[in-house]
Amino acid sequence: MTIHFLLNGKKTTLDVAPDRRAVDVLREVCGLTGTKEGCGAGECGACTILVDGESRLSCLMLAAQLAGREITTIEGISDEGHLHPLQDAFIQHGAVQCGFCTPGMILSASALLNRNPNPSRADIRMGLSGNLCRCTGYQKIVDAVAATARREEES
Amino acid sequence: MTQVYLPRTLAELWSYLEGKPEALVYAGGTDLLVKMRTGKVTAAPALICLERLAEIRDVRETADAIRIGAAATHAELLRHPLILTHLPVLTQALHTLGSPLIRNMGTIGGNICTASPAGDTLPPLYILRAEVELCNGETIRIMTIEEFITGPGATQLQKGELLTGVLLKKPVEYNFHHFEKVGQRKSMACAVASMAALLRLSPAGVIEAARLSWGSVGPTVVTAAVVEDALIGEKLSLETLAAAAGKIKQIVAPIDDVRATAEYRRSVSGNLLLRLLDARPPS
């Protein structure tokens with residue numbers, strides 16, 4: 001089937017099987033391998049994308065569900081070669097180790113900050129609770145998101 | 001390749017279903033797509049996704065009742081002022097359900113139709129005496145959630161029928177709503193045991209009315225009139241709750257599984273009652 005959608009701000013038309021998983025369409029058809037597949041069952045959050053600005057699991061969405069939506073993947077979050085403030089903060093705070101969870105973490109964090117620009121540490125933990133990280137122990141990730149919120153508030 | 005339909009209206013949905021009566025219906029996909037991937041559900045001739053069906057997604061109120069559209073997501077309900085105002089026990093349960101990602105996708109109708117013994121919205125819906133509205137495009141059936149869910153993963157939903165709404169009376173006679181879930185971690189964890197409670201406390205702290213239910217400790221949600229009767233007329237105290245806890249431990253029918261032993265679940269079922277003392281609203 002032919003689907004039209006906005007992918008990282010670009011009008012996109014694809015001819016794909018409607019029952020193909022969104023994560024496979026993004027990675028294999030669009031070549032956007034920043035979106036990771038961890039568990040494939042909605043448990044780990046590595047495949048997080050934004051659908052009309054809300055965080056979703058692309059392993060539990062089918063290609064047909066992309067139609068008409070505004071999709072943001074990690075590749076679309078930076079602006080013309082400038083890192084997104086969250087990406088910058090993750091680097092500054094050492095919040096990236098193996099990196100596999102990072103794209104999903106950053107997209108969940110960005111959805112959280114859009115909804116709640118001034119989150120407490122508890123809000124941040126709650127907001128990221130569907131994204132698993134097996135390296136960092138989460139502290140530096142929470143630090144990075146908290147620092148981004150502070151920075152946005154000051155600017 | 002399986003066709004995937006995304007009806008925008010119920011009229012479209014009924015016409016798809018008429019053409020493909022064997023089609024599988026999903027909303028968030030957080031259960032069905034996982035089961036299809038693991039082979040528990042084998043390939044369907046077609047899939048119908050309810051995510052764009054605005055008609056059954058809103059929350060409405062009348063003077064004494066609330067109607068929740070079955071395709072409302074958990075996140076939408078968690079933020080909804082009508083739910084927070086009138087059904088705080090449901091809000092409390094939604095806080096513990098899955099993760100923000102799962103709550104953005106999964107729906108209340110999906111949680112009911114999946115009918116898992118560990119479904120987090122189910123204990124509150126049982127004590128709220130929720131009714132489900134089932135429609136096949138021509139006729140509407142309404143039954144209590146207790147009648148609808150017949151076993152683990154089993155419901156009275158018939159082929160060609162859709163759960164369209166959840167109907168609830170505002171529980172105005174209860175001034176203490178409580179839900180607690182015990183799992184192996186806070187997020188993305190199936191309940192080892194959970195308990196929902198609606199109590200009416202007098203100014204002197206006497207329990208005047210009580211409805212209680214337990215999740216994950218039987219094939220379906222467990223309710224127990226014996227336990228409720230043991231509380232009614234008594235002061236909310238550790239002695240009262242401990243006596244009731246002794247009774248519920250005899251009634252629940254838990255199983256051993258990877259998450260916990262039956263014996264542990266039995267203990268937790270009783271201990272969850274004791275927590276009502278800490279959770280009671282300030283008088």
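Let me start with a definition: buried area is the accessible area, taken with a 1.4 Å probe, that two parts lose on being put together, summed over both. Some ground rules next. This is a predicted model, where local features need pLDDT of at least 70, side-chain atom pairs count only at pLDDT 80 or more, and totals for chains, interfaces and linings use all residues. Residues are numbered from 1 along each chain as its sequence is written, chains are lettered from A and ligands numbered from 1 in the order in which they are written, and side-chain values use heavy atoms, with hydrogens and water left out.

Now the interface. Chain B and chain A bury about 2400 Å² between them. Carbon and sulfur atoms give 56% of that. On the chain B side, Arg37(B), Leu101(B) and Met105(B) lose the most area to chain A. Together they make up 24% of what that side buries.

Next, contacts, meaning heavy atoms within 4.5 Å. By that count, 28 residues of chain B touch 31 residues of chain A. There are also 11 residue pairs in polar contact between the two chains, both residues at pLDDT 80 or more. A polar contact is a pair of N or O atoms within 3.5 Å; within protein, one must be able to donate a hydrogen and the other to accept it, and residues adjacent in sequence count only if both atoms are side-chain atoms.

Which elements of chain B supply at least two residues each to the side that touches chain A? They are β1 (3-5), α2 (32-38), β3 (46-49) and α6 (100-105). The largest share, 6 residues, comes from α6(B). A word on labels: helices (H or I, at least four residues) and strands (E, at least two) are DSSP runs, numbered from the N terminus.

On to salt bridges. The criterion is a side-chain nitrogen of Lys or Arg within 4 Å of a carboxyl oxygen of Asp or Glu. Between chain B and chain A the count is 3. One side-chain pair is Glu37(A) with Arg37(B), at 3.0 Å, N to O.

Buried is under 20% relative accessible area and exposed is over 50%, with partly exposed in between (1.4 Å probe, protein chains only).

First up, Lys181(B) and Asp120(B). Their salt bridge is 2.8 Å, N to O. Lys181(B) sits in strand β11 (residues 176-182), and Asp120(B) in the loop between α7 (108-114) and α8 (122-127). That links parts of the chain 61 residues apart. Buried or exposed? Both residues are buried.

Then Glu173(B) and Arg211(B), at 4.0 Å, N to O. Glu173(B) is in the loop between β10 (162-169) and β11, Arg211(B) in strand β13, 38 residues apart. Glu173(B) counts as partly exposed because its relative accessibility is 32%. Arg211(B), at 14%, counts as buried.

Glu208(B) and Arg200(B) form another salt bridge, at 3.0 Å, N to O. Glu208(B) is partly exposed, at 39%. Arg200(B) is partly exposed too, at 28%.

Back across the interface. Salt bridges that share partners join Arg21(A), Asp24(A), Glu37(A) and Arg37(B) into one network. Asp24(A) lies in helix α1 (residues 22-29) of chain A. Its relative accessible area is 15%, so Asp24(A) is buried. Leaving out residues up to four places away in sequence, Asp24(A) touches Val29(A) and Glu37(A).

Last stop: helix α11 of chain B, residues 238-251. This helix has 14 residues. From first C-alpha to last, α11(B) reaches 20 Å, close to the 20 Å expected at 1.5 Å a residue. That expected span is 1.5 Å times one less than the number of residues.

Which residues of α11(B) are buried? Thr240(B), Leu241(B), Ala244(B), Ala245(B) and Ile248(B). They cover an arc of only 130° around the axis, so they lie on the same side of α11(B). The arc is that of the directions from the helix axis to the C-beta atoms. In general, an α-helix has 3.6 residues a turn, so residues three or four places apart point the same way.

What covers that buried set includes β13 (207-215), β14 (222-223), α10 (225-231), α12 (262-274) and α13 (276-279) of chain B. The face of α11(B) turned away carries the exposed residues Glu239(B) and Gln250(B).
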